[in-house]
Amino acid sequence: MINIGIFVTSIGDILGFEISGHSGYSDSGSDIVCASVSSVVYLIINTLMDILKISLVVNVSKKKSYLRFVLDNERDCGVCKNFLLGLKNHLISLKDSYPKYIKINYSEV
């Protein structure tokens, strides 16, 4: 199962995500659920960092199937909020399509 943690403030702003595990939907390398989650998460990270030049703290461990990223000093970045909300909505859609393979939790930071 893919476990997704969404880090939110007390007023509901999203500050980052933590993703770990494998879905188990199919064999490694042909798992469309893992590929979908990975693709959209990396799209958002690359867009924020490389195009919008937003500072993120990113931790990745491919061996442990783990990725965590949070905004670094960009808590009031309006465009960031929109991208992170879009990511959250997309991940929820994936969870709704594959409920046995994705779990989402929220943590207040």
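**View 1. Phe-7 and its bridge partner.** The bridge partner of Phe-7 is Ser-107, which sits in S5. Strands here are DSSP runs (E, at least two residues), and helices are H or I runs of at least four, all numbered from the N terminus. This is a predicted model, with local features needing pLDDT of at least 70, side-chain atom pairs counting only at pLDDT 80 or more, and totals for chains, interfaces and linings using all residues. Residues are numbered from 1 along each chain as its sequence is written, and side-chain values use heavy atoms, with hydrogens and water left out. S1 and S5 run parallel, joined by seven bridges; two strands pair if DSSP finds at least two bridges between them. Six of the seven residues of S1 are buried (under 20% relative accessible area; exposed is over 50%, partly exposed in between; 1.4 Å probe, protein chains only), so S1 is largely enclosed by the rest of the structure.

**View 2. The S1-S2 hairpin.** S1 and S2 run antiparallel, with six bridges between them. Ile-4 has Ile-19 in S2 as its bridge partner. Five residues lie between the two strands of this hairpin, and Gly-12 in the turn has a positive phi of about 95 degrees. Thr-9 is also in the loop between S1 and S2. Is Thr-9 buried or exposed? Thr-9 is buried, at 15% relative accessible area. Skipping neighbours within four places in sequence, Thr-9 is in contact (heavy atoms within 4.5 Å) with Leu-15, Glu-108 and Val-109.

View 3. Five strands make an open sheet with mixed pairing, in the order S3-S4-S2-S1-S5. S3 (56-61) and S5 (102-108) are the edge strands, each pairing on one side only. Five bridges join S2 (residues 14-20) to S4 (residues 66-71), and the two run antiparallel. Along this pair, Phe-17 stands opposite Phe-69 in S4. Helix H1 (residues 32-51) packs on the sheet, touching S1, S2, S3, S4 and S5. Helix H2 (residues 78-97) packs on the sheet too, touching S1, S2, S4 and S5.

**View 4. The largest pocket.** S2, H1, S3 and S4 each supply at least two.

Methods: Axes fitted to C-alpha atoms, helices over the stretch in contact; angles between N-to-C directions.
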